[in-house]
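Work through these exercises with the model open beside you. Try each task before you read its solution.

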Amino acid sequence: MAVHGRFLKAAAAASVVALVSTACGSGGDESDEQAQAGTSGVGPITFAMGSNDTDKLRPVIEQWNAENPDQEVTLRELPAEQDGQRDTLTQSLQTESGEYDVFALDVTDTAYFAANGWLQPIENETEVDTSGLIEAAVDSATYNGTLYGVPQNTNAQLLYYRTDLQPEAPANWEELVSSCEAAEGANVDCLQTQLSQYEGLTVAATQFIHSWGGQVVGEDGKTPELDTDQARAGLTALVDAYKGGVIPQKTDAFTEEETAQAFLAGETMYSYNWPYMYESGQSDPTSQVQGDFQVAPIVGEDGPGQSTLGGYNNAINVFSENKETARAFLEFIISEDVQMGFAEQSFPPVLSSIYDDEALQQEFPYMPALKAALDNAEPRPVTPFYPSVSKAIQDNTFAALRGEKDVEQALNDMTAAIEQAQ
């Protein structure tokens, strides 16, 4: 599922790798012909999305259907969890079925479906103008230089800081570490984040690697790029913070929920988490930090860090017979009215201009910080082998945190695992 809410689950790696290895070679003239088919087709379509977030799209679909009665969109709910969504779509697409004309893909799944030849390139007859969208979100929908989806919503982690202990957000990682004395004096933790061995640890590790200027894989989505000074420095900063107490060791059992509970209970000065925690901190009657915290972009070595991107990309099934309607529907979803509706539901929009709305900023004070974070965000590795890449990051980062490997060995083993996944 998309990383835009509270839960992150580990992906089912083995089945996906097997499917990619058998299908990545598909393409050529047959794929080109399929991409050309149905591009002028107009008529009813189906839209598939994980059931956990369909409440945000139901009113959008109702509005579209009222305005386009001859091109009705039917919502088809997929399983709530990301692996279930992926499996359901894969089973359908392997049979070259057009039963789902458009589907919402987690940003980490887009490259996998594109590599299998199942997604309509968003170009030529099916082109959609994405120039007004968050750039990192568009990057997450781009594979091998081709756009294969239109971002629907997005997300980025923020740095939450206690203003009663730290009036201003730290400007960089060194300032954050130095300010931990204030946390020690208040008998609270310094920085909490998600270090349990699941997808959240991939988010944490990639944020540190990216924020120190490193990368996990190259632009081809396959070549490991972990043998760099920047990648070493980023992972070392995370491991040293964990071992030195800047990040408490109990967080190796934390997901987003434990992080939120601890911050709302006043147990930490800083926290990395998604925007949903802001509203809870200010309005939850049990919150011990109400009125005493603010948010800023996460920090890196020399300034703001690069938050890991979450969200959904909407893609057109290459086997759809009504691709013109599908294209128009994707365009409708990134319209100003629809994107403003997402923002009002705390479903971070991808239309950049929405974040500058003054009334919205008053209602959701975290918006400027989230916009700044999104402008500097970095997608997780855009690769058709994402589940295996994520597992390699999780396993080896966790081993480095627990002292079972040093950083150098962890990065070497990540590299080997990524190479073996292909």
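**Exercise 1. Decide whether Asn65 is buried or exposed, then find what its side chain reaches.**

Step 1. Take the relative accessibility of Asn65, which is 18%. The cut-off for buried is under 20%. Asn65 therefore counts as buried. This is a predicted model, so the value is computed from predicted coordinates.

Step 2. Asn65 lies in helix 3.

Step 3. Look for its contacts, leaving aside neighbours within four places in sequence. Asn65 is in contact with Gln71, Glu72 and Val73.

Step 4. The side chain of Asn65 reaches the backbone nitrogen of Val73 at 2.7 Å.

**Exercise 2. Describe how helix 3 packs on helix 13.**

Step 1. Recall what is needed. Two packed helices are described by the angle between their axes and by the distance between the axes.

Step 2. Read off both values. Helix 3 covers residues 54-67 and helix 13 covers residues 323-333. They pack at an angle of about 125°, and their axes are 11 Å apart.

Step 3. Name the arrangement. That angle makes helix 3 oblique to helix 13.

Step 4. The crossing of helix 3 with helix 13 is right-handed.

Step 5. List the residues that meet. Helix 3 brings Leu57, Val60, Ile61, Gln63, Trp64 and Glu67. Helix 13 brings Thr325, Ala328, Phe329, Phe332 and Ile333.

Step 6. Sort them by class. In the contact of helix 3 with helix 13, eight residues are nonpolar, two are polar and one is charged.

**Exercise 3. Explain why helix 11 is described as largely enclosed.**

Step 1. Count the buried residues. Helix 11 runs over residues 256-264, and seven of its nine residues are buried, so it is largely enclosed by the rest of the structure.

Step 2. Name them. The buried residues of helix 11 are Glu256, Glu257, Thr259, Ala260, Ala262, Phe263 and Leu264.

Step 3. Find the cover. The elements over these buried residues include strand 7 (158-162), strand 8 (189-192), strand 9 (268-273), helix 12 (276-283) and strand 10.

Step 4. Check what comes after. Helix 11 is followed by Gly266, which has a positive phi near 75°.

**Exercise 4. Locate Gln306 and find what it touches.**

Step 1. Find the loop. Gln306 sits between strand 10 (293-297) and strand 11 (309-316).

Step 2. Gln306 has 19% relative accessibility, so it counts as buried.

Step 3. List its contacts, not counting residues up to four places away in sequence. Gln306 touches Gln207, His210, Ser211, Ile298, Asn376 and Glu378.

Step 4. Gln306 and Asn376 are 70 residues apart in sequence, yet 5.5 Å apart in space, C-alpha to C-alpha.

**Exercise 5. Examine the positive phi values of Glu96 and Ser346.**

Step 1. Begin with Glu96. Its phi is near 60°, a positive value in a residue other than glycine. Glu96 is in the loop between helix 4 (82-94) and strand 3 (102-106). At 48% relative accessibility, Glu96 counts as partly exposed.

Step 2. Move to Ser346. The phi of Ser346 is positive, near 60°, and this residue is not a glycine either. Ser346 is in the loop between helix 14 (336-344) and helix 15 (358-363). Its relative accessible area is 27%, so Ser346 is partly exposed.

Note on methods. Residues numbered from 1 in each chain as written. Predicted model: local features only at pLDDT ≥ 70, side-chain atom pairs only at ≥ 80, totals over all residues. Heavy atoms only, no water. Axes fitted to C-alpha atoms, helices over the stretch in contact; angles between N-to-C directions. Helix = DSSP H or I, 4+ residues; strand = E, 2+ residues; numbered from the N terminus. Parallel < 35°, antiparallel > 145°, perpendicular 65-115°, else oblique. Left-handed = near helix turned anticlockwise from the far one by under 90°. Contact = heavy atoms within 4.5 Å. Nonpolar A, V, L, I, M, F, W, Y, C, P; charged D, E, K, R; others polar. Buried < 20%, exposed > 50% of the residue type's maximum accessible area, 1.4 Å probe, protein only. Polar contact = N/O pair within 3.5 Å; in protein donor to acceptor, adjacent residues only side chain to side chain.
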